[in-house]
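Please view the structure before reading on.

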Amino acid sequence: MTDHPHHPLSCRQLTEHSSAFLEGTLGDEIWGSFKDHLERCPPCAEYVRQMGMTVELVRRLPGDRGTCARAELVDRFRKWRSGGG
Ligand SMILES: [Zn+2]
């Protein structure tokens, strides 16, 4: 899937990469598309911003709970996007 290196991410693809973005493990090849999407898609930009703040809070929780809370957050976001919100 390297035909179009600058092919824009869909909102769903962005959500799939958002956790890597927040963990600082986003690949260089996707970084440009990710940033470009955030600049053109206010809902996604706002989501990533809020998710980033939430991840910071979650990190302060004990390990197990933190992991669960983050998985739940990602799941919630996927439902939000698929619901057309
Ligand atoms: Zn978007």
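Helix H3, residues 42-59, has 18 residues and reaches 26 Å from its first C-alpha to its last, close to the 26 Å expected at 1.5 Å a residue. Helices here are DSSP runs of H or I with at least four residues, numbered from the N terminus, and the expected span is 1.5 Å times one less than the number of residues. The model is predicted: local features need pLDDT of at least 70, side-chain atom pairs count only at pLDDT 80 or more, and totals for chains, interfaces and linings use all residues. Residues are numbered from 1 along each chain as its sequence is written.

A residue is buried if 20 or more other C-beta atoms, placed from the backbone, lie within 10 Å of its own, exposed if 12 or fewer, and partly exposed in between. In H3, Cys44, Tyr47, Val48 and Met51 are buried. They lie on the same side of H3, because they cover an arc of only 95 degrees around the axis. Exposed residues on the other side of H3 include Glu46, Arg49 and Gln50.

Arg12 belongs to helix H1. Arg12 counts as exposed because it has 10 C-beta neighbours inside 10 Å. The C-alpha atoms of Arg12 and Cys44 are separated by 9.6 Å, with the two residues 32 apart along the chain.

The axes of H1 and H2 come within 11 Å and cross at roughly 110 degrees. The contact (C-beta atoms within 7 Å) is made by these residues:

| Helix | Range | Contact residues |
|---|---|---|
| H1 | residues 11-23 | Leu14, His17, Phe21 |
| H2 | residues 28-40 | Ile30, Phe34, His37 |

Conventions
Helix = DSSP H or I, 4+ residues; strand = E, 2+ residues; numbered from the N terminus. Arc of directions from axis to C-beta. Axes fitted to C-alpha atoms, helices over the stretch in contact; angles between N-to-C directions. Contact = placed C-beta atoms within 7 Å.
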